[in-house]
Amino acid sequence: MKNIESFWEKVKSQIKKTLPDHSYRMWIDPVELLEHHHHHVKLSTPNAYFIKRLKDNYLPIFEEEFLKLGVNDINIEFKVSSQKKPSAYPAVPLPKKKSKQRHLPGLNVRFNSGRMFKKGFTFDDFVVGENSNFAYSALLSLAQGKIKGSSILYLLAKTGLGKSHLSQAVGHHIITNNLSKRVYYITAEDFTNEMIFSLRNNTIERFKEKYRQKCDVLILEDVQFLSGKDATQKELAMTLDYLLEADKKIIFSGCELPDDIPKLNDQLKSRLTLGLVTQIDPPNYATRVRILKRKSKIFGYEIPNQVTEYIAQELCDDVRQLESGLFGVAAKGQLMGYNIDIALAKSVLANIASTKKRITIESIKKLVCKEFSVSQTDIVSASRKRRIVKPRQMAIFLSRKYTDQPIKKIGTSFNKYHATAIYAINAIERELKQKSVIFEQVNYLSKKIETGKF
């Protein structure tokens, strides 16, 4: 078939329009047309794991797109390509006695040093939301060698939001795609302890050689631990100079920006911020629901939608807390033989949820009603009186600001249409720009909400 090359480009182009961007770049973009004969097409893949993934999840999509182009009897074959692109990493010969089995993302793999990569901490198993889209894209691009001009990245996130998952995903990707075997995943504390051990045992030169000359990818977590550790900071700064000079990949992660970490010398700070700085924020409600559904699918839990949504509503601090709530609900239901419902979820979450006051639409509604001496019946009524309308608009505005509920749901809570809720938010925003009385009232209410005094 003469047009198969152009057909293949059209197939990839159409798939790119339908798949999430990260899925396309992860699984479809690396696939290339190797050869073809009539309706038999042979496509190249980086490794055997790729073939399994493509057959299980994407083969029907390929066939459907070819069918749309008039090719209704296409036969697609995947093959690991022997034509490897030149690598920036030196070849590392494997010992002859070792098994030739490749390391796959589903395995706990220990590299030359450092910690184990956790099963499931791969790009494909990470639930991407608005809170993490840029961080995910940046780390995937770094792993694939597609970030131009920099090979260093700093990942900022609070505990439990997924920075370890994404950091380890880089290592999984590099080792799985045979880009390098010399990947070191280690915490700042482990790095410090290893250096101290080397000094005490007169092996510091071996320690320096390992990180400066035998490392292609350095993944260093919990950078904030380096605070006040002058000797470790100096050694790490020098190590980074060697790695950067050799164009190696470096991923740092921490709970604080380098400039905000106390007792961190300027020499190290400047190196930590040489490359891209990206952040993972807490997931919004929609992303939390998707995370819970993904985890339920992985572990085979059958959780009703209303229970999943309840957990997502109540546990919004971090992903680790979400998982704890899900596992607790599923375990109690299974072990005690109870139906998994809202009542069961409430009993489990009571022991997990933070004791701090949770900011909800209802709590904001009660606060506004109390401060303006308006009844909760009035604030959700159809009244057009100014003494009712302005407090209602402020409550809608504050609900949008301090909760992650969609505008449609906020409007429904006040018996208003989506468009009316948007109008209320815009009306308050105009008042704020004019620094009117409402500006002071909104600031007063905001302080009460932020300090938990409601």
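The discussion below takes the terms one by one and sets each against its criterion.

Student: What kind of model is this, and what makes up the protein chain?

Tutor: It is a predicted model. The protein chain contains 20 helices and eight strands, and its C-alpha trace spans about 80 × 70 × 55 Å along the principal axes. Of its 454 residues, 46% are buried. Among contacts with a separation of 6 or more, 71% are between residues 24 or more positions apart.

Student: Why is Leu 349 called buried?

Tutor: The cut-off for a buried residue is under 20% relative accessible area. Leu 349 has 3% relative accessibility and therefore counts as buried. This residue lies in helix α14, residues 342–349.

Student: How do you know which residues Leu 349 is in contact with?

Tutor: Contact requires heavy atoms within 4.5 Å. Leaving aside neighbours within four places in sequence, Leu 349 is in contact with Tyr 310, Ile 311, Glu 314, Leu 315, Gly 325 and Val 329. By way of another distance, the C-alpha atoms of Leu 349 and Phe 197 are separated by 44 Å, the two residues being 152 residues apart along the chain.

Student: What makes β1 and β3 edge strands?

Tutor: The order of their open sheet is β1-β2-β3, with mixed pairing. Strands β1 (32–37) and β3 (75–80) each have a single partner strand, so one side of each is left without a neighbour in the sheet. From one strand to the next, the twist averages 25°.

Student: What makes the span of α1 close to the expected value?

Tutor: With 15 residues, α1 reaches 21 Å from its first C-alpha to its last, against the 21 Å expected at 1.5 Å a residue.

Student: How do you know that the buried residues of α1 line one face?

Tutor: The buried residues in α1 are Ile 4, Phe 7, Trp 8, Val 11, Lys 12 and Ile 15. Seen down the axis of α1, they fall within an arc of 135°, and so they line one face of the helix. In general, an α-helix has 3.6 residues a turn, so residues three or four places apart point the same way. The buried residues of α1 pack against α2 (21–28), β1, β2 and α4 (59–68).

Student: What makes a group of residues a nonpolar core, and which residues touch the most other members of the largest one?

Tutor: The members must be buried nonpolar residues joined through side-chain atoms within 4.5 Å. The largest such core has 49 residues, of which Ile 28, Phe 62, Phe 66, Phe 123 and Leu 166 touch the most other members. Helix α5 (residues 133–143) supplies the largest share, seven residues. Beyond its neighbours within four places in sequence, Leu 166 is in contact with Phe 123, Phe 126, Ala 135, Tyr 136, Leu 139, Leu 155 and Ile 280. A second, separate core has 27 residues, including Cys 369, Ile 396, Ile 428 and Ile 449.

Student: Which strands are the edges of the five-stranded sheet?

Tutor: This open sheet has the order β5-β6-β7-β4-β8 and parallel pairing. Its edge strands are β5 (183–187) and β8 (276–279), each pairing on one side only.

Student: How do you know that β7 has partners in this sheet?

Tutor: At least two bridges are needed for a pair. Val 217 has Lys 249 as its bridge partner in β7, and Leu 153 has Ile 251.

Student: Why is β7 described as largely enclosed?

Tutor: Six of its six residues are buried, so β7 is largely enclosed by the rest of the structure. Lys 249, Ile 251 and Ser 253 are buried on one side, and Ile 250, Phe 252 and Gly 254 on the other. Helix α9 (residues 230–245) lies across β4 (152–156), β6 and β7, running at about 145° to β7.

Conventions: Residues numbered from 1 in each chain as written. Heavy atoms only, no water. Helix = DSSP H or I, 4+ residues; strand = E, 2+ residues; numbered from the N terminus. Axes fitted to C-alpha atoms, helices over the stretch in contact; angles between N-to-C directions. Expected span 1.5 Å × (residues − 1). Buried < 20%, exposed > 50% of the residue type's maximum accessible area, 1.4 Å probe, protein only. Arc of directions from axis to C-beta.
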